Amino acid sequence: MRGSALSNSSKRALRLLLPVVGALAVTPAAAEGVMDTLQMQGFVSQGYVVTNRNNFFGPSSDSGGSLEYTEVGVNASLRPRSDVLIAAQVLSRRAGGDGSDAKPKLDHGVVDYQLPTSPHRTIGIQAGRFKNPFGFYNQTRDVAFTRPSILLPQSIYFDRTRSIALAADGLSVYGAERMGRGEIHVQAGAGWPQVDDDVEEALGLDQAPGSLKAKPSAIGQVRYEHNGGRIIAALSAANVRLRYDSRTGGPGNGEIKFQPLIFSLQYNAEKWSLTGEYALRRFKSERFDVPMLNRDDTGESGYIQYSRRILSDWQWFVRYDVLHADRSDRSGRAFEDETGLPAHTRFAKDLTVGLQWSFHPQVLLAAEYHRVDGTGWLPRRDNPDVADTERRWNMLLLQTSLRF
Amino acid sequence: MPQLWLAVFLLLLLPMPSATAETTDDSVALIAHPNVRAVSLHPNSARAIFAMRQRTWPDGQAANVFVLPDDDPLHARFSKELLNVFPHQLKMAWDRAVFSGTGQAPGRVSTQSEMLERVATTPGAIGYVEKGGADARVRIIELQ
């Protein structure tokens, strides 16, 4: 994967896209009107992370903290016809790890066609690399301006296996049905998820000779919005499938299934919002020769968050976020007895308060403080020796974001 | 103390500003480019178009959306009274569309006169002005 300008999965997405873009090619006369619809937008975010114990996004527990949290994105969109949208975004992101992680990747790249609409119905289809509709925030999880906080609740939007949650290369169908005071939105997609080194690290396969490959997977979401979005309720489900191809001396070929189910609920008032999400995450790995790699756990996570807009450009929030890696072993003690690794690596309870200030429409300043019990979502790459992690830790995050 | 309670009671009797449909429906007008064939729009369509979720007028013509700044009082009235959504929800809908590849951002204008100008000169355009602020260059669109 390293050394080429685009990852293999990016090339696959382009192969899916190019024929469609070609078929839409417009005549020179129409091209000028089409170029009027071209939009380009982007953002840059720089974070600063300080922890008293454990590391998050770089050497944050060192005296100087960590600046290894940077997000840069540029997107472009075009409407070649009234019913077609072409959109793509390139994202460079570093969150700890090494500098090469910041290599730009295709975040999404789609051709979107909408069928003729009626006041009560919209139906469309997206082909290419589409963002996964996963909970309230996954589709724009790397864009500070769309997040209520610097870090999304890590129990659900955790970083350690983020690559498989981001986007899929394939087809997605969406529809909206508007009736009375409510709207139902449905999206269903099928395609290949992306698999980066983070997943191998999380599974403990990063040192093994072999590689993880994506298999055709499915994702779907049903969302109900009541009274102009005063109340929003959503159910998201996915069946993500991976295959491990082992080489000589490896743990044997294996199959991995990740089946998360997320319930999301939000109440929006003019000045405040109350948001809650709850997830059951089934993780199953089988057929490995090494018995310890064959697991079937269901993780459980959820958070509740109150955010309040004050004046016109300030917002503060408070959130309580809980993760259990295995709901049948919430304390992690059974895991500790079995493996000798600390029980606190199997859960995390995070109380967060934070503040956002957007003194200009294109600038966002944010600060937040986390008080965490457990290391359930602590990225392994920042803390290679899990036996060396501390159960209770605090974290301060600052972030500056610009959009253009 | 009784005077205070009396004052509160009298205040409650005053008509609530912007709370009822009759007093506010006519304060903001939807406007469109003259080549738009629609003369009226279903509130659902208006909301879907301004949320950038639906890209065409009901007859299939491309819709070009124009909005005033988020903190403009007329934009707040337009969002709440005509679309029945809060401005912060519209803004979130636009950001999600733009950064997830599901839609584009609306065109931005900074004043009502610029709004009139852009809507009058952009085919398929839709926007809004204070009622009485529209002129012959644009067409008024009724909400059904």
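Author: Two strands pair if DSSP finds at least two bridges between them. Helices (H or I, at least four residues) and strands (E, at least two residues) are DSSP runs, numbered from the N terminus. This is a predicted model: local features need pLDDT of at least 70, side-chain atom pairs count only at pLDDT 80 or more, and totals for chains, interfaces and linings use all residues. Residues are numbered from 1 along each chain as its sequence is written, chains are lettered from A and ligands numbered from 1 in the order in which they are written, and side-chain values use heavy atoms, leaving out hydrogens and water.

Reader: How many bridges join strand S5 of chain A to strand S6 of chain A?

Author: S5(A) covers residues 121-131 and S6(A) covers residues 167-179. Arg129(A) faces Asp169(A) in S6(A). The two strands run antiparallel, and the bridges that join them number 11.

Reader: Which residue takes a positive phi in the hairpin of S6(A) and S7(A)?

Author: S6(A) pairs antiparallel with S7(A), residues 182-193, over 12 bridges. Gly175(A) is opposite Val186(A) there. Two residues lie between the strands of the hairpin. The one with phi near 50 degrees is Gly180(A).

Reader: Which strands stand at the edges of the sheet in chain B?

Author: The sheet is open, with mixed pairing and six strands in the order S2-S6-S1-S5-S3-S4. An edge strand here has a single partner, so one side of it is left without a neighbour in the sheet. These strands of chain B are S2 (40-41) and S4 (107-108).

Reader: Which residue stands opposite Val67(B)?

Author: S3(B) and S4(B) run parallel, joined by two bridges. Val67(B) looks across to a residue of S4(B), namely Arg108(B).

Reader: Which residues have the most contacts inside the largest nonpolar core?

Author: A nonpolar core is a set of buried Ala, Val, Leu, Ile, Met, Phe, Trp, Tyr and Cys residues joined through side-chain atoms within 4.5 Å. The largest one has 37 residues. Elements of chain B that give it two or more residues include strand S1 (28-32) and helix H6 (112-121). Its most connected members are Phe50(B), Trp57(B), Met115(B) and Tyr128(B).

Reader: Which residue of chain A does Trp57(B) touch?

Author: Contact means heavy atoms within 4.5 Å, and residues up to four places away in sequence are not counted here. Among its partners in chain B are Ala32(B), Leu41(B) and Ile141(B). From chain A, Trp57(B) touches Thr117(A).

Reader: Is Gln89(B) buried or exposed?

Author: Gln89(B) is found in helix H5 of chain B. Buried means under 20% relative accessible area, exposed over 50%, and partly exposed in between (1.4 Å probe, protein chains only). Leaving aside neighbours within four places in sequence, Gln89(B) contacts Gly228(A), Gly229(A), Arg230(A) and Asn268(A). At 14% relative accessibility, Gln89(B) counts as buried.

Reader: About how much area do chain B and chain A bury between them?

Author: Buried area is the accessible area (1.4 Å probe) that two parts lose on being put together, summed over both. The contact takes 33 residues from chain B and 50 from chain A. Carbon and sulfur atoms carry 44% of the buried area, and the total is about 3,500 Å².

Reader: How many salt bridges are counted between chain B and chain A?

Author: A salt bridge is a side-chain nitrogen of Lys or Arg within 4 Å of a carboxyl oxygen of Asp or Glu. Asp95(B) forms one with Arg403(A), and their closest N and O atoms are 2.9 Å apart. Between the two chains the count is six.
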